[in-house]
Amino acid sequence: MGLFGASQGHISHHPERRPQFDQPLTWENFAAIFQECADFSEKELTPQGWGHPIQIGWLDGMVRSERLNDYVLRPLAAWPLPQGERPAQAILEGGVWNQNAQRQETLDEVVEAVLDGSCAIFLLDGVITCSVATEEKRSVTEPENESQIKGAKDGFVESVRTNTSLLRRRMRTPELQIQRFVIGRRTRTPVELLWVKGIAEERLIRRIADKLEDIDEDALLTTGALEEYLTDPKATAFPRVLFTERPDRVCQGLLDGRAAILVDGIPLGCLLPGDVSQFMKAPQDKSYHWAVSSLLLLLRYLCLLLTLLLPGFYISVAQFHFELIPTKLAMSIIASKQDVPFPTAFEVMGLLAAFEILQEAGLRLPKTIGQTVSIIGGLVVGQAAVDAKIVSPVVVIVVAVAGIAGFTMPNQDFSNALRVWRFLLAVLASLLGIFGLMAGTAFLVAHLASLEDFGVPYLTPFAPRERSSLESHPILRKPMPEVKLRPTELHPANRRKRT
Amino acid sequence: MTARRKGLLVLLLAWALFLGLSSWDSDVLPVTRDITQVKLIRTLALDKGEGAALRLTASGNLQKEGNSGQSKPPLVLTQEAMTISGGCSGLQQQSDGFVEFGHLAECVIGEELAREELLQLADFVARDFSMRMESKVFVVAGATGEEAVQGAASKSSALTDRLTAISQNRSMGGRKWPYTFRQLISQLEDNGCGLVPVLTLTDNPDYDPEGKGEEPEKEINLTGLAFLKEGNLADFLTPEESKGAALLTNQDQLDMVELTLEDGTPVGVQLVYAQRSLEPTFDEDGRLTQLTIRIKAKGELSEVSGPVSPTDAQSLEQMHQGFSKQLRLWAQATLDRSQQEGADFLHLRRELICHSPLHSGQIQENWDDWFPEITLKTEVKGEVERSYDVDRPIEEGAETWSKDKSLSNS
């Protein structure tokens, strides 16, 4: 029995079978593969003057009917095969009006193309696939979780090609490189690795590409599946890959020398390697005046300390070091806690747990009901708990301040990690007081300092390998014209950003 | 990490969580005292005991009853013991919670004990980790500290409230209350002399024994200062001497000086600034013969009645002179008393050494012989202003406005 349940023992390596379908490339074998698929459609067609039928197969819903009819079936039906021509070759040379008509040699290739939205045309001398995929998808909308007042309003969608186009529109340079991978034995998900040639370090790109190639999964449906393959998931609760809905943020990352990954079906861009300062920056930071942004950044760092340490600090002073509290505050706390039957640690952790439950409940429910739950849970039940002397008002304030401070974190993954550590620090504080809290904090700092991805330390701006590499301030935002170089830690091929 | 290790880690975390939530005490872990179990002691009265050497009386604040806004009289605990530590330990046993001295605001010492053991008390506070050096020190004249605590305790007040009000009123100029254990120890360290504020108890005319303790039985007032010699209370200063002492130690900001002009007009001047400097005179042998204390003071004309105009030059001159004279009288009275008692509670020696470092060796060596014989002279240069005169600022302001070219051009 381990931390994650019963141990599965040693599982032998099970390489993916390639080719998946090793039968000869015939219509019968092809149709047999899709025999149980209700959305598989086939059509036998005898073009005029050909003298023999041809078979066409496709998957309904994956293709656009108009394209199939207008640019494949109609030209084929009306096009007389020139005397002596081999049909497959003739089709490739203009028999159908399709830019992606390709001759396929194996059954695997044909199946993959059909699954990707092509139709397969089985001819006497070969098989041609024509891409007639539907482009039905969600239109580009404003990012829900990263909206900003001064800035672009478009966000990533589920189509990887649309997403690359959003990036291309911002970076009109051929130096923007895109490498395609297909990940998932069953899902065959297109994944694209992007970087800017001449800025990103080549070794970094190679290492990421190697990791992507090594992913051998049944499916790639969530961001976690990608992140946990690229970094060591057991090492920390803190995010090490920045996921963003905003194309402009990805562009900024690419221009800093980072790499981006786009996954088909996931409306997020992923920037790596990540460091702690990235998770504290909001998209609008560069839209506001540097003084305002710096102030907001400072406020965010203050909130980070509050959300992480406040519950633990309160437990420490209320249980061990009440001489640290100003006298009037101590008296006020004593008066408010007079009839509460629970020890402070139990009270704080109970309320922290209740806060987490409320938050989860609010997220899972539809928006309107979620708000009601928050109001009833937070206000009504909270007030009732205070009136019933189950919790003291001070603890409600402490937990609420810690919780709300956590909401100021621009990155949800980072905020979640802080939630985990908040509990741990509260437990340590309840055992050892301020000493426990400080020991836990020191451990946390040491833990973060030990993290490194693709050669970039996680605490990069605060603990750079070389002090001279610190071009911009770790917390405050310098005026942009003064930041002339890219971060050294990313080892960019070209450090200069602006003249 | 093996499965066994992971299991152990989970058990360890669960154990830690259990310990935290249950507030379990262990020899390994620090002792947990939840804030709800704590009785905050705000005032500690120390008196000479009847059976034992000391009598300790500890008092808290008014005890608020939840959020109802009502309160109970403060908790008062009394204990006799041979030592303060023993007394504190005894107080601990009397209470149903943990008696916490870390928030001690005031220490009230009965006159009898202060005359005998003040230095030891200060020494205890300096050494004990739970006491605060910033606690204020008071001596009760003609009564015990316990009487002060008990007499001030009612449903609506505790002694600490009254003493806090007194110390805040005296420090309106922004200065901190100067008579804390820290200052007391600093003074006693220098030459065993110093100053402490004196409280007196009077019967409260509004006190009604049947009135369910709504009003305190005694009124507590600050009546001046007492001086210490050889580490213990020596005697009380007269009100004039107290004012002089406060003036000479730069502690009497914003105090009121009442004068009478030649024509009998009463004038109220608020002292807003006072600075003193020393001018020693040494003879050929390097012996100190005279010490002149110069005081530069500023007063704000607060009140004047009758036909006297505050802007009249002659009246102002009379005010300057009267103000200076009054301050000089106070300061001289204090200096004379200090010399008379042979107690350098104004710490002139310390200041003189800083002022004349070339003579520091001689001063240190001979101060005790010189001090009773030197001539202590006071010179005061007082100035009275009326900076908030309603006429003057407007006229000056109007003139400035018209002269400002940039403003008039715009």
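Q: What volume does the second largest cavity have, and what makes such a space a cavity?
A: The volume of the second largest cavity is about 60 Å³. The name applies because a cavity is a set of points, on a 1 Å grid over the protein atoms alone, where a 1.4 Å probe fits but cannot get out. Four cavities of 30 Å³ or more are counted by this rule. Please keep in mind that this is a predicted model, in which local features need pLDDT of at least 70 and side-chain atom pairs pLDDT 80 or more, while totals for chains, interfaces and linings use all residues; side-chain values use heavy atoms, without hydrogens or water. Residues are numbered from 1 along each chain as its sequence is written, with chains lettered from A and ligands numbered from 1 in the order in which they are written.

Q: Which residues line the second largest cavity, and how many of them are nonpolar, polar and charged?
A: A lining residue has an atom within 4 Å of a cavity point, and among those that qualify are A:Thr307, A:Phe355, A:Gly403, A:Leu418 and A:Arg422. Helices α12 (344-364), α14 (393-407) and α15 (412-450) of chain A each give at least two residues to this lining, with α15(A) making the largest contribution, four residues. By class there are three nonpolar, five polar and two charged residues; Gly is counted as polar here.

Q: Why is the pair of A:Trp27 and A:Phe30 called tilted?
A: Rings of Phe, Tyr and Trp (its six-membered ring) pair if their centres lie within 6.5 Å, with planes under 30 degrees apart called stacked, over 60 edge-to-face and the rest tilted. For A:Trp27 and A:Phe30 the centres are 5.6 Å apart and the planes make 45°, hence a tilted pair. Both residues sit in helix α1 (residues 27-33) of chain A, three residues apart, about one turn of the helix. They also belong to a cluster of ring pairs with A:Phe34, A:Phe40 and A:Phe122. Over all chains the count is 17 aromatic pairs.

Q: How do you know whether A:Phe279 and A:Phe414 are stacked, tilted or edge-to-face, and whether A:Phe279 is buried or exposed?
A: With 5.9 Å centre to centre and 0° between the planes, A:Phe279 and A:Phe414 are stacked. A:Phe279 lies in helix α9 (residues 276-280) and A:Phe414 in helix α15, both of chain A, so the pair ties together parts 135 residues apart in sequence. Buried means under 20% relative accessible area (1.4 Å probe, protein chains only). A:Phe279 has 0%, so it is buried, and A:Phe414 counts as buried at 2%.

Q: What makes β10 and β11 of chain B a pair of strands?
A: Two strands pair if DSSP finds at least two bridges between them, and β10 (residues 194-203) and β11 (residues 218-229) of chain B are joined by ten, in the antiparallel sense. One of these links B:Pro197 with B:Leu225. β11(B) also has four bridges to β12(B), again antiparallel, and in that case B:Phe227 partners B:Asp235.

Q: Why do β6 and β12 of chain B stand at the edges?
A: The eight strands form an open, mixed sheet in the order β6-β3-β2-β8-β9-β10-β11-β12 (chain B). β6 (76-81) and β12 (232-236) each have a single partner strand, so one side of each lacks a neighbour in the sheet.

Methods: On a 1 Å grid over the protein atoms alone, a cavity is a set of points where a 1.4 Å probe fits but cannot get out, and a pocket is an open set with protein on both sides within 12 Å along at least five of seven lines; lining residues have an atom within 4 Å of a point. Grid points are joined across faces, edges and corners, and a volume is the space filled by probe spheres set on the points. Buried means under 20% relative accessible area, exposed over 50%, partly exposed in between (1.4 Å probe, protein chains only).
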